[in-house]
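Q: Please take a close look at one part of this model, the pairing of its strands and the packing around them. I would like the cut-offs behind each term stated as you go.

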Amino acid sequence: MPRWLFPLVVILGLISVGGTFGWYTVNNVRYVTTTYASVTAPTRWITAPEAGQITADDVTVGQSVSAGEALLTETLANGTPLSVTAPANGVVATMNAPQGQWVAAGTPLLAVVNPSQYQVTANIPETQMANVWVGQTAVIRLSAYPGTSFSGQVVRIGTETLSVNPAVLSASTTFSKQVQWVPVTLTINAPNTALWPGENATVKIRR
């Protein structure tokens with residue numbers, strides 16, 4: 001190897017390491033970042049009014065419904081049919097009672113979400129909460145859309161920490177002091193994009 005080549009390799013290596021370190025430093029200074037985030041939406045669960053059997057199932061997951069629209073038919077033990085209707089406009093997110101199933105009064109049958117009110121809940125470590133406040137803008141990335149970024153804004157900060165660490169759920173009963181996590185709610189600007197409550201997200205809140 002020529003003598004001049006070794007110093008050049010060292011210099012290029014230092015530049016590469018320095019650039020990477022600088023990028024991480026600037027990124028951490030400019031943003032509060034968490035991968036413990038997910039899409040949420042107002043959800044209305046519809047329950048069985050009485051005990052009976054689901055005898056008609058007229059909707060599917062992902063279907064748009066209107067307030068008052070018949071979704072299921074439950075037939076009581078005495079043969080009386082009851083129509084189960086949507087409490088509000090929305091999209092069917094979950095179906096728990098297929099046709100033919102017997103249910104007790106109060107059994108959750110299906111959930112309807114309001115797609116116009118999707119939000120993102122980000123869990124932020126308490127050590128970073130001094131850098132988070134309502135009104136901050138954010139960059140949101142969803143696992144379902146790799147390479148695509150959405151804008152958002154902090155609209156609400158939780159008033160208490162989570163009862164568990166979102167990273168590790170330990171079965172141990174031994175007390176140990178751990179960093180607590182605070183739920184922060186953000187809007188998400190994702191027009192004409194299909195979103196699903198519960199899908200994973202990464203959030204970078206600009207300081």
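**Strand pairing and packing**

A: In strand 5, Glu74 is the bridge partner of Ile54. This is a predicted model, in which local features need pLDDT of at least 70 and side-chain atom pairs count only at pLDDT 80 or more, while totals for chains, interfaces and linings use all residues. Residues are numbered from 1 along each chain as its sequence is written, and side-chain values use heavy atoms, with hydrogens and water left out.

The bridge between Ile54 and Glu74 belongs to the antiparallel pairing of strand 3 (residues 52-57) with strand 5 (residues 70-76), which extends over five bridges. Strands here are DSSP runs (E, at least two residues), numbered from the N terminus, and two of them pair if DSSP finds at least two bridges between them.

Strand 9 (residues 108-113) is largely enclosed by the rest of the structure, because five of its six residues are buried; buried means under 20% relative accessible area, exposed over 50% and partly exposed in between, with a 1.4 Å probe and protein chains only. Strand 2 (residues 43-47) pairs with strand 9 in the antiparallel sense over five bridges, Thr43 having Val113 as its bridge partner. Strand 7 (residues 90-95) also pairs with strand 9 in the antiparallel sense, over four bridges, and there Val92 stands opposite Val112.

A closed barrel of six strands runs 1-10-13-12-11-14, again with antiparallel pairing, and its twist averages 40 degrees from one strand to the next, taken between axes that are lines fitted to C-alpha atoms, with angles running from 0 to 180 degrees between N-to-C directions.

Leaving aside neighbours within four places in sequence, Val120 is in contact (heavy atoms within 4.5 Å) with residues including Ala37, Ile140, Leu186, Ile188 and Val203.

Thr34, in strand 1, counts as buried at 4% relative accessibility. Its side chain reaches the backbone nitrogen of Tyr36 at 3.0 Å, and, not counting residues up to four places away in sequence, Thr34 touches Ala122, Trp181 and Val203, among others.

Ala190 lies in the loop between strands 13 and 14 and is buried, with a relative accessible area of 14%. Beyond its neighbours within four places in sequence, Ala190 is in contact with Phe150 and Leu195, and its C-alpha atom is separated by 9.0 Å from that of Gly152, 38 residues apart along the chain.

Note on methods:
Polar contact = N/O pair within 3.5 Å; in protein donor to acceptor, adjacent residues only side chain to side chain.
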